[in-house]
Amino acid sequence: MLHQVGLTSAEELFDSIPRDLRLTRDLNTTRALSEIELLAGFEQLATRNPGAQRISFLGAGAYQHYIPTIVDHIISRSEFFTAYTPYQPEISQGTLQAIFEFQTLVCQLTGMEVANASMYDGSTALAEAVLMAERVTKRSKILVCGAIHPEYLEVITTYVQHAGIELLHAPADTATGQAGALDLLDDKIAALVVQSPNFFGCIEDVAALAEKAHAAGALLIVTVTEAMSLGLLKSPGACGADIVVAEGQSFGVPLSFGGPYVGLFATREKYARQIPGRLVGEAYDKEGRRGYVLTLATREQHIRREKATSNICTNEGLIALATTVYLETMGRRGLQEAAAQCAQKAAYAAKRIGELEGFSVPYTGARFNEFVVRAPVDAKQLLARLASESNITGGLPLSRYYPDRPNEFLVCVTEVNSRGEINALVEGLASQGKM
Amino acid sequence: MKSDITKVTTHINANEALIFERSQPGRVGYRLPALDVDEQPIGDIVPQKFLRDDDLEGVPEVSEVDVIRHFVRMSTWNYSIDQGMYPLGSCTMKYNSRLNEKVARIPGFAGLHPLSEAEDAQGALQVIYELQEDLTEITGLPGISLQPAAGAHGEMTGVMIIRAFIDARDGEGGSAKRRTMLIPDSAHGTNPASAHLSGFSVKTIRSTAEGLTDLDHLRELCAGGDVAGLMLTNPNTLGLFERNIQEICSIVHHAGGLVYMDGANMNALVGVARPGDMGVDVIHLNLHKTFSTPHGGGGPGCGPCCCTKELEPFLPVPRIVKDAGQFKLDFSYPQSIGRVKAFLGNYGMMLRALAYIQTHGNDGLREATEAAVLNARYIAHGLTSDYEKPFNAPPMHEVVFTDKRQARKGVHTLDIAKRLIDYGFHPMTIYFPLIVQGAMLIEPTESVGRQELDQFIDAMRAIAREAQEDPELVINAPHDTRIGRLDEAAAARKPVLRWKPKQVATTA
């Protein structure tokens, strides 16, 4: 082939690169490994992640749920996972129809009218929602209810730092754990941002917050980190939300040390042309056959460049597909049952832990599957002892984000945690909490 | 009533309805263990007013086999890399190794919670650390963050780093005067969109007739003193290496700006040349392009951001560092732009990319680059007699042609792309870069052999002949697909973006 194109050596392929810029040595990366060596290496590294082998009650934005076997099977099909963004609809209808179903499912669950083809994750979806609220309202302040996931708050802080948007904070009520007074909510506020269930696991009164936001002429952005709650709780849309974003990881996506996950983004139809990211719509060919295409592209970066609604291009296609397969497999009844089991098991765990001497479950707000526990001792140390002696990850020490709350930790219980595991957690806490 | 008739085509595969149209009340495809704690009335746990009252109406009720058949049938409507060459320019559609998929699914990684304590996740953190080391070696830039989730996210991160650096260097007053980002007219649309997110206004640099950055225009734009930086793709989107890259960097640096390189085209450089040696200050990589993590029908990606020592303090936090033999999350960078994503990034992609680097080895990485460039060169050579090649210079890993000759017969780039489908290939990237009228950007990657390259060239030459002899055949393509060209204009005018149940006729 080299001769055919008129060259005598591979080096000549790079003649357009000035000689002094060319690497004259081998890269200092490993020699080539065989499959056997590679797997052995990674398997060995995996053994150094004891966190993956424990009974776990860790949630806080990433959740352990049952994943039907067929999810991974479907997304492992070549035709899905080795395809590109569906720019050529005639040979991409599989991906396009799946995204159309995804958009529909997201609308149904969130109670909204339109949803996009996915964002990177819940945190960046929230940041994009904030930017969209500014575009829609032409107001530049955002009021964030205190009990939002701290990492989500960090992400939106990064995103808005050069956008002329000011973030204001409304602290959570210290008794209920829910949104507190909203003194800063006025006619300069573009949107009120609330997470429900919130970071402390408490369910917010979204309908009441929507009313307050709308009275001030602001939008209500609802963010959901535990999407499973949508199987049980009144949808944000039904409560009056204007933009709903969620982390979709709970729907069939492994924990995988933080990603890839999938951001869900839904809003009202009147804002469809302000949505960031890709949208799939129905279309017909000359014969009248139904198909699907990427649509409303004039919002996007490849057409609008710096005036686009977002810079997003690659999103989370395959993870959105996993979510779609999950939701269709679990279906209407499976989602309801899994969500109800989460709430029942968490209620059982909270009751048992709350009865332990020295422990309390401080917040009075209603909860879905997570709750804060106040321990009689330092929570980080308590959880470390529980891990080493009972092989249980008992939750997240709140001191990770709130150094002034050393004795508190966040517990998450899902349908995969058996009664036996919950009892083991309770017994472990009882014995470690005495030290 | 025509729309109610299910059109019978060759096989039921071609007629798979939306899942919502298959739903049957009472059908299920799952089973959970029975609830094993004492059940309370749900209203005692969650107040009634917070409970869903729509019974999840519309969410499908189907069996497991319904779901399997649904998606398997739909999958047959897709073209994929595993079926053949996927020559989308600028997208680097290379083979996605199954071994990498297996690595990402090892339970010790796939089941690991992102908020695990560092001592419970040493193996996972070591993977991040090793990939960081390899990518900094490959780019020649020592600072790195793997947090960004995709290319555009990495761009935003890189541009914010430039902004933070200039703010720190020039102070508030000085920095406010530097709010211009220079971007060539051939750039990806994400570049200006990302610059805008960081509060920059964009000025466009012209390309020369040779397809390279116009140095005179660059000097002129840099003379204003308002330039914060330049975003440059190299090789550029025409598939040409910017041979004046050192001079370009030096012009921008002398004007007080920084150089951002869009690493979308790194597949032409790995093991051959390093952006850090060229004078580039910050770059993003696309693990889903150069490092073979699957594109997945539109993601997930992973867009690591690499930078000079000087810019390192501004990288997102947390950084993954090694301290006395232990890997840990380090938050102690007060000048950091902050966090760009919850947790640590698209970790599953990092596992796959590291597996790619390790299975290729250092010599294999360079060989892949050579093969990618040779393949593009071979296509360039094979098509020049039939298609107009707007730039003379030999291309790197991708080559651009135009429809100039075919357009005289009324056959345009879109038609050629659609006709290619009939020949069993995915089309190339079309109408990009924007500066080339009727552009066809072809990137074969290293994952195709000579036989398939010849087939592709034969197909393209056959289409060129058809364009002369029977233009209608090309203009009406594709002829062999399940559906024909869809009316995209109508779809955008009255968008239908979700399924809704059919309106039940009401007797008013």
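## Parallel strands in chain A

In strand 5 of chain A, A:Ile189 is the bridge partner of A:Lys141, and this pair belongs to the four bridges that join strand 3 (residues 141-145) of chain A to strand 5 of chain A in the parallel sense. Helices (H or I, at least four residues) and strands (E, at least two) are DSSP runs numbered from the N terminus, and two strands are said to pair if DSSP finds at least two bridges between them. Strand 5 of chain A is also joined to strand 6 (residues 219-224) of chain A, by five bridges and again in parallel, with A:Thr223 of strand 6 as the bridge partner of A:Gln195.

The model is a predicted one, in which local features need pLDDT of at least 70 and side-chain atom pairs count only at pLDDT 80 or more, whereas totals for chains, interfaces and linings use all residues. Residues are numbered from 1 along each chain as its sequence is written, while chains are lettered from A and ligands numbered from 1 in the order in which they are written.

Seven of the seven residues of strand 5 (residues 189-195) of chain A are buried, so this strand is largely enclosed by the rest of the structure. A residue counts as buried if 20 or more other C-beta atoms lie within 10 Å of its own, as exposed if 12 or fewer do, and as partly exposed in between, with C-beta atoms placed from the backbone.

## An open antiparallel sheet in chain A

Three strands of chain A form an open sheet in the order 11-14-13, with antiparallel pairing. Strand 11 (370-374) and strand 13 (396-397) of chain A stand at its edges with a single partner strand each, so one side of each is left without a neighbour in the sheet. Strand 13 of chain A pairs with strand 14 (residues 408-412) of chain A over two bridges, and A:Leu410 in strand 14 is the bridge partner of A:Leu396.

## Chain B as a whole

Chain B contains 17 helices and twelve strands. Its radius of gyration, taken over C-alpha atoms, is 26 Å, close to the 23 Å that the globule rule (2.2 Å times the number of residues to the power 0.38) gives for 508 residues, so chain B is as compact as a globular protein of that length. Along the principal axes, the C-alpha atoms of chain B fill a box of roughly 75 × 70 × 50 Å.

Of the 508 residues in chain B, 57% are buried. Two residues are in contact if their C-beta atoms, placed from the backbone, lie within 7 Å; among the contacts in chain B with a separation of 6 or more, 71% are between residues 24 or more positions apart.

## The interface between the chains

In the contact between the two chains, 161 residues of chain B meet 153 residues of chain A. Helix 12 (residues 347-383) of chain B gives the most to the side of chain B that touches chain A, with 19 residues. By class, that side has 85 nonpolar, 45 polar and 31 charged residues, where Ala, Val, Leu, Ile, Met, Phe, Trp, Tyr, Cys and Pro count as nonpolar, Asp, Glu, Lys and Arg as charged, and the others, Gly among them, as polar.

## Two helices of chain B

The buried residues of helix 3 of chain B are B:Asp66, B:Val67, B:His70, B:Phe71, B:Met74 and B:Ser75. They cover an arc of only 155° around the axis (from the directions between the helix axis and the C-beta atoms), which puts them on the same side of helix 3 of chain B. What covers these buried residues includes helix 2 (69-75), helix 3 (78-81), helix 4 (93-110) and helix 9 (317-354) of chain A, together with helix 1 (19-22) of chain B.

In helix 9 (residues 215-222) of chain B, the buried residues are B:Leu218, B:Leu221 and B:Cys222. Their arc around the axis is only 100°, which puts them on the same side of helix 9 of chain B, whereas the face turned away from that buried side carries the exposed residues B:Asp216 and B:Glu220. The cover of the buried residues of helix 9 of chain B includes strand 2 (180-184), strand 3 (201-205), strand 4 (227-233) and helix 10 (245-254) of chain B.

## A hairpin in chain B

Strand 8 (residues 319-323) and strand 9 (residues 326-330) of chain B run antiparallel and are joined by five bridges, with B:Leu329 in strand 9 as the bridge partner of B:Ile320. The two strands form a hairpin with two residues between them, and B:Ala324 in the turn has a positive phi of about 50°.
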